[in-house]
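User: I have a structure open here and I'm new to it. Can you walk me through it?

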Amino acid sequence: MSASAPPAVPNYDDVWNEAYGEMQDRGPVHLHMRRLLRRLLGSLDYDSVLDVGCGAGHNLPIVGAGRSLGRVTGVDISEEALRRARERSNADFRLLDIESGALEGSWDLVFSSLVLEHLPDDAAALRHMRAMCGRHLVLTTIAGDFERYRAWDEQMGHVRNYARGELEGKLSDAGFAVRQAIYWGWPFYTPIARTLQNGMTSEPEFTPATRALAWAMHKLYYLNSSRRGDVLIVHAEPE
């Protein structure tokens, strides 16, 4: 593959079996991202939630924290992810390719975490999210220099990292008004840990040593900035 060639889109059932897993539960970036999301979501008013790219349902406790939700729906392109999600939650889970279409109806909150960086046609995905969004859209994704971190990103199935302001522009084009954008992770995640990741291989289960390292990195990451870095969290509303 040449440096300019687009990465191949993976089979996400295989990715869930071979790479994803404990990282989603114990990974220090995922834990801090959820910490920031809890703060953001706590300020929003919503009674129904659609989790786009819900994966194994790791984020459903966050979107429902302290609330009695009337309707919770999760959609994903991977049957394996949905199988795992059904083991965690009794929410309504459905198979959906967000690049190709939308469900009928709307939800107060459309939530999508670490999905857009996987999608070749992110503009189509945002349009379909707009069609289902009643009040709020909350997204997380990866910003930064894709070529610099390409080895790790491709292993994870990423096709892009967003330049600063790029996602905000695409959201505007899709009919959203951006209310808040948080860039988190400098300096210990971005660039230090991201650079080191390029030489690593993700495994679905952590070793005891990996768990200890993840714990230590989680503590260190409290020192990261919420104004600079490659973890991007955005709150937008339909215009």
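**Walking through the model**

Analyst: Leu114 sits in the loop between strand 4 and helix 6; helices (H or I, at least four residues) and strands (E, at least two) are DSSP runs, numbered from the N terminus. This is a predicted model, in which local features need pLDDT of at least 70 and side-chain atom pairs count only at pLDDT 80 or more, while totals for chains, interfaces and linings use all residues. Residues are numbered from 1 along each chain as its sequence is written, and side-chain values use heavy atoms, with hydrogens and water left out.

User: What is the phi of Leu114 near?

Analyst: Phi of Leu114 is near 55°, a positive value in a residue other than glycine. Most residues other than glycine have a negative phi, and most peptide bonds are trans.

User: Is Leu114 buried or partly exposed?

Analyst: Leu114 is partly exposed, with a relative accessible area of 22%. Buried means under 20% relative accessible area, exposed over 50%, and partly exposed in between (1.4 Å probe, protein chains only).

User: Which peptide bonds are cis?

Analyst: The bond from Trp186 to Pro187 is cis, with omega near 5°. Another cis bond joins Thr190 and Pro191, where omega is about 10°. Pro187 lies in the loop between strand 6 (176-184) and helix 9, and Pro191 lies in helix 9.

User: Let's zoom out. How many helices and strands are in the protein chain?

Analyst: The protein chain has 10 helices and seven strands. Its C-alpha atoms fill a box of roughly 45 × 35 × 35 Å, taken along the principal axes.

User: What radius of gyration does the protein chain have?

Analyst: The protein chain has 17 Å, which agrees with the value near 18 Å that a compact globule of 239 residues would have. The radius is taken over C-alpha atoms, and the globule rule is 2.2 Å times the number of residues to the power 0.38.

User: And how many of the residues count as buried?

Analyst: Of the 239 residues, 52% count as buried. Residues 24 or more positions apart account for 76% of the contacts with a separation of 6 or more, a contact being heavy atoms within 4.5 Å.

User: Which strands does strand 1 pair with?

Analyst: Strand 1 runs parallel to strand 2 (residues 71-76), joined by five bridges. Strand 1 also pairs with strand 4 (residues 107-113) in the parallel sense, over three bridges. Two strands pair if DSSP finds at least two bridges between them. Val49 has Val72 in strand 2 as its bridge partner, and Asp51 stands opposite Phe111 in strand 4.

User: New topic. How many salt bridges does the structure hold?

Analyst: The structure holds 14 salt bridges. A salt bridge is a side-chain nitrogen of Lys or Arg within 4 Å of a carboxyl oxygen of Asp or Glu. In one of them, the side chains of Asp45 and Arg135 meet at 3.1 Å, N to O. Asp45 lies in the loop between helix 3 (28-41) and strand 1, and Arg135 in strand 5 (residues 133-142), so this pair ties together parts that are 90 residues apart in sequence.

User: Is Asp45 exposed or buried?

Analyst: Asp45 is exposed, at 52% relative accessible area, and Arg135 is partly exposed, at 37%.

User: What about the salt bridge of Asp230 and Arg194?

Analyst: Their side chains meet at 2.8 Å, N to O. Asp230 lies in the loop between helix 10 and strand 7 and Arg194 in helix 9, so the pair ties together parts that are 36 residues apart in sequence. Asp230 is buried with a relative accessible area of 8%, and Arg194 is buried with 2%.

User: Last one. Where is Asp122, and what does Asp122 touch?

Analyst: Asp122 is in helix 6 (residues 122-132) and is buried, with a relative accessible area of 4%. Not counting residues up to four places away in sequence, Asp122 touches Leu116, Arg160, Tyr162 and Lys170.
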